[in-house]
Amino acid sequence: MNLKDLFGLDGKIALVTGGSRGIGKMIVEGLLEAGCAKVYIAARKQEQVDATCAELGDKVIGLTADLSQLDGIKQLAGEIASREDKLDLLVNNAGAAWGEPFAEFSEAGWDRTMDLNVKGPFFLTQQLHKLLKAAGTVERPAKVLMIASIDGMKTNPWETYPYQASKAGLIHLTRRMAAELVRDNIIVNGIGPGAFPSAMNRAARDNEALVAKGIPSKRVGVTEDMAAGAIYLLSRAGDYVVGTTIPIDGGVVNANIGAGNFVDPSGE
């Protein structure tokens with residue numbers, strides 16, 4: 001048994017949606033350290049994509065795409081197919097959150113959140129199925145990683161109705177897609193992040209000390225926490241884990257006895 005073989009990703013080709021910042025960027029950094037040969041990142045804003053590519057180096061290849069629309073999904077999948085004959089790793093990280101009072105919640109906010117958080121991962125995986133299937137074998141399956149949230153595992157006090165519903169739906173979609181794709185030597189799993197500082201999770205970014213009080217581990221997550229969880233599931237180490245979503249949250253979901261009732265650690 002060799003730890004490098006278990007957790008290494010030498011030579012792998014990956015795509016991380018929403019990979020230009022936040023949790024996506026944390027995962028990209030981990031993939032590079034684990035040995036990926038190429039990591040494609042996709043996001044809507046060209047300037048953010050360019051900045052991340054410049055920061056992380058030549059192995060990171062930036063593409064722009066709107067993954068809330070099927071046309072954008074097909075465009076991204078076609079671009080990858082024009083460059084590669086297989087895809088080892090797909091990380092469905094792109095997502096959106098939207099909060100409004102219940103009585104005023106807009107259809108636009110509902111649709112954008114649901115489209116990006118649930119429809120996007122399903123149809124992008126569908127469109128990349130042939131490339132993933134070409135990469136997967138019984139000995140070394142291809143991998144799809146869904147980035148859900150602990151808000152799909154527990155209720156929070158924020159009025160982000162479609163966000164919470166979409167992440168719960170994504171967790172179940174992960175199970176159903178895992179049952180289908182394992183037959184093609186493609187393993188689907190998920191991660192449920194807790195409080196990680198990002199533009200989406202401004203509470204953890206701007207009020208770290210306060211948010212940490214609601215977390216059993218008494219701190220917010222850092223890049224190493226997210227990268228390690230992703231590497232585990234995407235590497236040989238995670239090959240026998242199928243259809244599971246693992247919370248990476250400092251214990252908020254499963255070890256929270258009384259703590260955190262006064263502060264929401266995953267507030268958008």
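Because the model is predicted, local features need pLDDT of at least 70, side-chain atom pairs count only at pLDDT 80 or more, and totals for chains, interfaces and linings use all residues. Residues are numbered from 1 along each chain as its sequence is written, and side-chain values use heavy atoms, with hydrogens and water left out.

Start with the sheet. Seven strands form an open sheet in the order S3-S2-S1-S4-S5-S6-S7, with parallel pairing. Strand S3 (60-64) and strand S7 (245-248) stand at the edges. Each has a single partner strand, so one side of each is left without a neighbour in the sheet. On average, neighbouring strands are turned by 20° against each other, direction ignored. Helices (H or I, at least four residues) and strands (E, at least two) are DSSP runs, numbered from the N terminus. Two strands pair if DSSP finds at least two bridges between them. Axes are lines fitted to C-alpha atoms, for helices over the stretch in contact, and angles run from 0 to 180 degrees between N-to-C directions. Strands of a sheet pair through backbone hydrogen bonds, either parallel or antiparallel.

Now take strand S5 and its neighbours. Strand S4 (residues 89-92) runs parallel to strand S5 (residues 142-147), and 4 bridges join them. Leu-89 has Lys-143 as its bridge partner in S5. Asn-92 stands opposite Met-146 in S5. S5 also pairs with S6, in the parallel sense, over 6 bridges. Here Lys-143 stands opposite Ile-187 in S6.

How many residues of S5 are buried? The count is 6 of its 6. Buried means under 20% relative accessible area, exposed means over 50%, and partly exposed lies in between (1.4 Å probe, protein chains only). Both faces of S5 are covered. Ala-142, Val-144 and Met-146 are buried on one side, and Lys-143, Leu-145 and Ile-147 are buried on the other.

Helices lie across the sheet. Helix H4 (residues 70-83) lies across strand S1 (13-17), strand S2 (38-43) and S3, and runs at about 145° to S3. Helix H10 (residues 223-234) lies across S4, S5, strand S6 (186-193) and S7. H10 runs at about 160° to S6. Contact means heavy atoms within 4.5 Å.

Two C-alpha pairs link separate parts of the chain. Asp-111 lies in helix H5 (residues 107-127). Its relative accessible area is 33%, so Asp-111 is partly exposed. The C-alpha atoms of Asp-111 and Pro-162 are separated by 8.3 Å, and the two residues are 51 residues apart along the chain. Lys-45 is found in the loop between S2 and helix H3 (46-56). Lys-45 counts as partly exposed because its relative accessibility is 36%.

Next, the surface. Phe-102, Trp-110 and Tyr-161 make a nonpolar surface patch of about 340 Å². Patches are made of residues with over 30% relative accessible area and no salt bridge; like charges are joined within 9 Å, nonpolar side chains (Val, Leu, Ile, Met, Phe, Trp, Tyr) within 5 Å. Accessible areas come from the Shrake-Rupley method with a 1.4 Å probe; for residues, only the protein chains shown count as cover. Tyr-161 sits in helix H7 (residues 161-181). Tyr-161 is partly exposed, at a relative accessible area of 31%.

Last come the charged pairs. Side chains of opposite charge can pair when their charged atoms come close. The whole structure holds 10 salt bridges. A salt bridge is a side-chain nitrogen of Lys or Arg within 4 Å of a carboxyl oxygen of Asp or Glu. One of them joins Arg-83 and Glu-79 (2.7 Å, N to O). These two are 4 residues apart in helix H4, so about one helical turn separates them. Arg-83 is partly exposed at 40% relative accessibility, and Glu-79 is partly exposed at 31%.

Another salt bridge joins Arg-140 and Asp-239 (3.5 Å, N to O). Arg-140 lies in the loop between helix H6 (129-135) and S5, and Asp-239 in the loop between H10 and S7, so the pair ties together parts that are 99 residues apart in sequence. Arg-140 is partly exposed at 22% relative accessibility, whereas Asp-239 is buried at 11%. Arg-236 also forms a salt bridge with Asp-239, with the closest N and O atoms 3.9 Å apart. Shared partners join Arg-140, Lys-143, Arg-236 and Asp-239 into one network of salt bridges.
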